[in-house]
Amino acid sequence: MIKPSKPMSVSVLGLGYLFLYLPIILLVIYSFNESKLVTVWSGFSTKWYATLLDDDELITAAWLSLKIALMTAFASVVIGTWGGFVLARFGRFRMLTLFTAMINAPLVIPEVIQGISLLLLFVAMEQLLGWPQGRGVFTIWIGHVMLCVSYVAIIVQSRVKELNLSYEEAAMDLGATPFKVFFVITLPLIAQALISGWLLSFTLSLDDLVLTAFLSGPGSTTLPLVVFSRVRLGLNPEMNALATIFILLVTIGVVAANQYMRAAERKRAREMRMAFQSESTLAETDNSPVMARQAEGASKPALLTRKGVQS
Amino acid sequence: MNVQIQERSAPAAGRQGKGFVQVIDVVKKFGDAVALNHVSLTIEKNELFALLGSSGCGKSTLLRILAGFETATEGKILIDGEDLARVPPYHRPVNMMFQSYALFPHMTVERNVGFGLRQEGVPKNEIAERVNEALDLVQMRRFAQRKPHQLSGGQQQRVALARSLVKRPKLLLLDEPMSALDKKIRQQTQFELMNILNKVGVTCVMVTHDQEEAMTMADRLAVMSEGEVVQIGGPTEVYEYPNSRFSAEFIGSTNLFDGVVVEDEPDHVYVEAPGLPARLYINHGITGPLGMNVSVSVRPERVLLSRAKPQQPYNWVQGAVKDVAYMGSYALYRVELGNGRMVTANVAGLVLSQGEAPSYGDEVFVSWSESSGVVLTK
Ligand SMILES: Nc1ncnc2c1ncn2[C@@H]1O[C@H](COP(=O)(O)OP(=O)(O)O)[C@@H](O)[C@H]1O
Ligand SMILES: [Mg+2]
């Protein structure tokens, strides 16, 4: 193997990270720029953050986005879990491969196509059934759920597949009906997959622009839509401030979650180590003279019959 | 210590009821593969019955049919006279201790043990009482508030045992109960487990591939091979009187001599084995025609080694010592016969200490008494 020189690897790594983070750093810096011109630095100020708080349109849109994201996350987890569980457990029925492919497809179908097709559907339904009337929160929600269900289903499916069946069998053996087993044993055991799926759906929905653009109507402008329409008119320091706040929230969230998980993991590892140690000491006490004699005497029949010595 | 085996198997042999658990002609197929082929067993009340066989022989499948996780393709299972074919696992009076224990990782020991009782709708205070009782039985009361990952393997096993006993099942199933344990604590655990099972008095079917474990723990055992039961009997019986080549070789080690029956009387048999200088004489009769092909099994501990030619005109052969393995209380000799075959013999420590034992390369006579051989017709 060729080992790259240290200065070389450091500089390549540095360039890579610069490429990833320079735009974000610039954005954060310019959010504190006093000037209205985004590209000219004229001094430090927090006035754009103040403007942000007074921007009713933006705040309304943010609330709406949050609401839709929460609704989407919950609905996707419910439906996706169901689907993923069925695909993982009721395996090898006819057309399983087809169903699996169909749950995976939305990941690769361009959002534009999903948007257009859903829009067509809603318009046709409105003409035929008179429902849904126009487009708004409801149609956006449907679209987002459609987008996220696949992700949840895939996460849950792989988690359920690696889950040891004997937990569920043990619960059933102890008298729990299959329905109860699912809620009392399976769900808690795959909780991490549900949380991942929930978070993923939440973020996907929160910053979705393309699908939302097709499915929104008057009075249902989400935050990404507002941001996009404003920035189209020219770069805007207020948007920089908004982005900075988002980055801050996300960073805090990720760091906190990470810390929590690492602490939990360390605690678990420590407890398992202690449990293991208690076993070794147990085995050591077995070697105390009295116990040893008992064990030896008692073990004889097995030893004798195996090795076949006659006593 | 052979006494212990007899002690435990004697009551089982005495209890000849019509069978508390009856497995009647059970067949299980997975697609075209036959996992169980016309298996029939009868298990008496309060008996510890072992299913013994190598991996893939269908032991777990039978256990899972008893638990209700698999349905038999053919045949019937009766527990206490009740046909369980249509009863789902969650309504069966049967509990199982899983090979991996399957303790619910998100519940404390106490909640794990109480799980089965909560499903039954037992009143809260009674649950607490019975859980404590069960934990006391396995000496795990002080760990009641721990989670499974905070326990060692041995402790987890005891919690799993408490969990499967707390519902007072009519039949307890143990799937490879020792396989997840450290070798160091396995032996002690076997005896603890036996004590507990004796104390609560439960009918128990245990699956294992470890013949030592089966011999130590079980009142009776069934030797299985490729989905079929080869032999059923007490540990001593199966060891001393194997009914087939498979049993003889699977349980312990043995020397097999192939030959044909040349004289068959009610009280003895002569077998002529090609390559052996003397005929084989066994002092029990068999049911089979003259000229039948049989094997004669002679356990290594029944084999005597001597420098002088034995007095008896039968049951001897000459060879040279090829290997000597010192095992502590005895030594394992491998003697090569003229035709290249090996015979294994155990020489007791007493003989070794008297300095009379043959050593490597010595020409020796191998012999055994007329009651040492067992004629195997299968
Ligand atoms: N669910 C299953 N589907 C298909 N074949 C199975 C299944 N369970 C067991 N078998 C097969 O049945 C045979 C017996 O298996 P098993 O009872 O687990 O053996 P053992 O426990 O004695 O090792 C094996 O050949 C195994 O491959
Ligand atoms: Mg098995």
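A: One may begin with the surface of a chain. In this predicted model, chain A exposes about 19,100 Å², of which carbon and sulfur atoms supply 71%.

Q: What percentage of the residues of chain A count as buried?

A: Burial is judged residue by residue. Chain A has 311 residues, and 35% of them count as buried. One of the buried residues is C148(A), whose relative accessible area is 0%.

Q: How many helices and how many strands does chain A have?

A: Secondary structure is read as a count and then as an order. The count for chain A is 13 helices and 0 strands. Along the sequence, the pattern is accordingly written α-α-α-α-α-α-α-α-α-α-α-α-α.

Q: What share of the contacts in chain A comes from residues 24 or more positions apart?

A: Here one considers the separation in sequence of the residues in contact. Among contacts in chain A with a separation of 6 or more, 69% are between residues 24 or more positions apart.

Q: Which residues are found around ligand 1?

A: A ligand is read through its shell. Around ligand 1 stand F30(B) and A35(B), together with S54(B), S55(B), G56(B), C57(B), G58(B), K59(B), S60(B) and T61(B). By class, this shell comprises 3 nonpolar, 6 polar and 1 charged residues. Helix α2 of chain B, residues 59–67, contributes the largest share of the shell, with 3 residues.

Q: Which residues place polar atoms at 2.5 Å, 2.6 Å and 3.2 Å from oxygen atoms of ligand 1?

A: The side chain of T61(B) has a polar atom 2.5 Å from an oxygen atom of the ligand. For S60(B), an N or O atom of the side chain is 2.6 Å from a ligand oxygen atom. C57(B) contributes through its backbone, where a polar atom is 3.2 Å from an oxygen atom of ligand 1. As for cover, ligand 1 taken alone exposes 560 Å², and the protein buries 54% of that.

Q: Is C57(B) buried or exposed?

A: The relative accessible area decides the matter. C57(B) is buried, because its value is 3%, and a residue counts as buried under 20%.

Key:
Residues are numbered from 1 along each chain as its sequence is written. Chains are lettered from A and ligands numbered from 1 in the order in which they are written. This is a predicted model: local features need pLDDT of at least 70, side-chain atom pairs count only at pLDDT 80 or more; totals for chains, interfaces and linings use all residues. Side-chain values use heavy atoms; hydrogens and water are left out. A residue is near a molecule or strand if one of its heavy atoms lies within 4 Å of it. A polar contact is a pair of N or O atoms within 3.5 Å; within protein, one must be able to donate a hydrogen and the other to accept it, and residues adjacent in sequence count only if both atoms are side-chain atoms. Accessible areas come from the Shrake-Rupley method with a 1.4 Å probe; for residues, only the protein chains shown count as cover. Helices (H or I, at least four residues) and strands (E, at least two) are DSSP runs, numbered from the N terminus. Ala, Val, Leu, Ile, Met, Phe, Trp, Tyr, Cys and Pro count as nonpolar, Asp, Glu, Lys and Arg as charged, and the others, Gly among them, as polar. Buried means under 20% relative accessible area, exposed over 50%, partly exposed in between (1.4 Å probe, protein chains only). Contact means heavy atoms within 4.5 Å.
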